[in-house]
Amino acid sequence: PSCVAEGAKTTRQARTAYGGRRSADPRQTTIGLIAVNVAVWLLIMASGGYTSRVTQLLALRPKGLCVNPNGEVVGLSEGACPAPLDWHEGVSSGAYWQLVTTAFTHVEVWHLAVNMFSLWMLGPLVEAVLGRARFLALYAVSALTASLAVYWLSGEYGSTVGASGAIFGLLGA
């Protein structure tokens, strides 16, 4: 055993086809991503669902707007939003974090289930090929690219959530 251990020190570690280190268990990163998505969903459900303040903070909205308690839009600028009404931040009004947080935000249970099932099916396969760090980098770049596409192509005052863009990036890889 000591001779084998000594020989192992001088042997190069196995690498993936793309140069990443092989994961002992390529499911761990996927499980971590699923856990974050489920935790955010539970937080949203506990705070009131689609209309909760947490959803409004995390969902991608290109421009901010002023909303009354009934959910009706009453203004499109923060200065025109009187005190009892609720101002919902948008990316163009400074909520840049929404470009990232939208990829971990789900409101409907079926949306979460479909995205997490897809991630469970694709994640370990892609991680086994790329390695953990490159897998996470691909997931992050895919999520950010999808958010930028939504920001550029969607309606100004719409709200978007979901990990679909990141999952499509994994599918493309």
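**Figure 1. Partly exposed Lys residue K63 in the predicted model.** At a relative accessibility of 32%, K63 counts as partly exposed in this predicted model. K63 pairs with E156 in a salt bridge whose closest N and O atoms are 3.1 Å apart.

**Figure 2. The salt bridge between R132 and E127****.** The closest N and O atoms of R132 and E127 are 3.3 Å apart. R132 is partly exposed, with a relative accessible area of 32%. E127, at 1% relative accessibility, counts as buried, because the class requires a value under 20%. In total, the model contains 2 salt bridges. Side chains of opposite charge can pair when their charged atoms come close.

**Figure 3. The largest pocket and its lining****.** The volume of the largest pocket is about 310 Å³. Its lining comprises 17 residues, and those nearest the pocket centre are T51, Q56, V67, G71 and H88. Strand 1 and strand 3 (86–88) are the elements that contribute two or more residues to this lining. Classified by residue type, the lining of the largest pocket consists of 8 nonpolar, 7 polar and 2 charged residues. Rolling a probe the size of a water molecule over the atoms shows where empty space is left.

Conventions
Residues are numbered from 1 along each chain as its sequence is written. This is a predicted model: local features need pLDDT of at least 70, side-chain atom pairs count only at pLDDT 80 or more; totals for chains, interfaces and linings use all residues. Side-chain values use heavy atoms; hydrogens and water are left out. A salt bridge is a side-chain nitrogen of Lys or Arg within 4 Å of a carboxyl oxygen of Asp or Glu. Buried means under 20% relative accessible area, exposed over 50%, partly exposed in between (1.4 Å probe, protein chains only). On a 1 Å grid over the protein atoms alone, a cavity is a set of points where a 1.4 Å probe fits but cannot get out, and a pocket is an open set with protein on both sides within 12 Å along at least five of seven lines; lining residues have an atom within 4 Å of a point. Grid points are joined across faces, edges and corners, and a volume is the space filled by probe spheres set on the points. Helices (H or I, at least four residues) and strands (E, at least two) are DSSP runs, numbered from the N terminus. Ala, Val, Leu, Ile, Met, Phe, Trp, Tyr, Cys and Pro count as nonpolar, Asp, Glu, Lys and Arg as charged, and the others, Gly among them, as polar.
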